[in-house]
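Me: I've got a structure open and I'm new to it. Can you walk me through what's there?

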Amino acid sequence: MKYLITIGFLLTIAQTFGQVKGRIYIDENQNNKFDNSEKSIENAIISDGYQVIRSNKAGEYTFSPNENGRFIFLKVPSGFKTLGNHYLKIDEKQQAYDFP
């Protein structure tokens, strides 16, 4: 089984100007950060429970979460598992989110 790290969606996510962004990738060395040699995951599904988006070819995603959304979560693709949680609580005071 491969390990998936996103929302860098490691999944690192930063919330700026009402937007959430991040990267989905395979953390080969499990250091909880994206390295240029690591493979990005295209078309990974990310949601806030109100809208669903997919990561681009570089494994990146950006969207404005619904004001009623409480969590951002990753639909973990078949054959993968996350090293940490597959969801994170949205907190307007928090600038970045990691998915180890």
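This is a predicted model: local features need pLDDT of at least 70, side-chain atom pairs count only at pLDDT 80 or more; totals for chains, interfaces and linings use all residues.

Me: How many helices and strands does the protein chain have?
Reply: The protein chain has zero helices and 10 strands. Both are DSSP runs numbered from the N terminus: helices are H or I with at least four residues, strands are E with at least two.

Me: Which strands form the open sheet, and in what order?
Reply: Four strands do, in the order S5-S4-S7-S9, with antiparallel pairing. Two strands count as paired if DSSP finds at least two bridges between them. From one strand to the next, the twist averages 20 degrees; axes here are lines fitted to C-alpha atoms, for helices over the stretch in contact, and angles run from 0 to 180 degrees between N-to-C directions.

Me: Which strands stand at the edges?
Reply: S5 (52-54) and S9 (87-89) do. Each has a single partner strand, so one side of each is left without a neighbour in the sheet.

Me: How many bridges join S4 to S5?
Reply: Three bridges join S4, residues 45-47, to S5. In that pairing, Ser-47 stands opposite Val-52.

Me: And what about S4 with S7?
Reply: Three bridges again join S4 to S7, running antiparallel, and Ile-46 stands opposite Leu-74 there. S7 and S9 pair over three bridges too, with Phe-73 opposite Tyr-87.

Me: Which residues are on the covered face of S7, and which on the uncovered one?
Reply: Ile-72 and Leu-74 are on the covered face, while Phe-71, Phe-73 and Lys-75 are on the uncovered one.

Me: Switching topic: how many residues are in the largest nonpolar core?
Reply: It has 12 residues, including Val-20, Ile-24, Ile-46, Ile-53, Tyr-61, Phe-63, Ile-72 and Leu-74. A nonpolar core is a set of buried Ala, Val, Leu, Ile, Met, Phe, Trp, Tyr and Cys residues joined through side-chain atoms within 4.5 Å. Buried means under 20% relative accessible area, exposed over 50%, and partly exposed in between, using a 1.4 Å probe and protein chains only.

Me: Which elements give two or more residues to this core?
Reply: Strand S6 (60-63) and S7 do.

Me: What does Ala-44 touch?
Reply: Leaving out residues up to four places away in sequence, Ala-44 touches Ile-24, Ile-53, Arg-54, Ser-55 and Leu-74. Contact means heavy atoms within 4.5 Å.

Me: OK, rings now. How many aromatic pairs does the structure hold?
Reply: Three. Rings of Phe, Tyr and Trp (its six-membered ring) pair if their centres lie within 6.5 Å; planes under 30 degrees apart count as stacked, over 60 as edge-to-face and the rest as tilted. One of the pairs is Tyr-61 with Phe-63, which is tilted at 6.4 Å centre to centre and 40 degrees between the planes. Tyr-61 and Phe-63 are both buried.

Me: How do Phe-71 and Tyr-87 pair?
Reply: Edge-to-face, at 5.8 Å centre to centre and 75 degrees between the planes. Phe-71 is in S7 (residues 71-75) and Tyr-87 in S9, 16 residues apart, and the pair links distant parts of the chain. Phe-71 counts as partly exposed because its relative accessibility is 31%. Tyr-87, at 36%, also counts as partly exposed.

Me: Which residue lies over the face of Phe-71?
Reply: Lys-89, at 5.7 Å from the ring centre. Arg-23 lies over the face of Phe-34, at 4.0 Å from the ring centre. A charge sits over a ring if NZ of Lys or CZ of Arg is within 6 Å of the ring centre and within 35 degrees of the ring normal.

Me: Last topic, loops. Where is Lys-57?
Reply: Lys-57 is in the loop between S5 and S6.

Me: Is Lys-57 buried or exposed?
Reply: Lys-57 counts as exposed, because its relative accessibility is 69%. Setting aside neighbours within four places in sequence, Lys-57 is in contact with Ser-40 and Glu-42.

Terms used
Residues are numbered from 1 along each chain as its sequence is written. Side-chain values use heavy atoms; hydrogens and water are left out.
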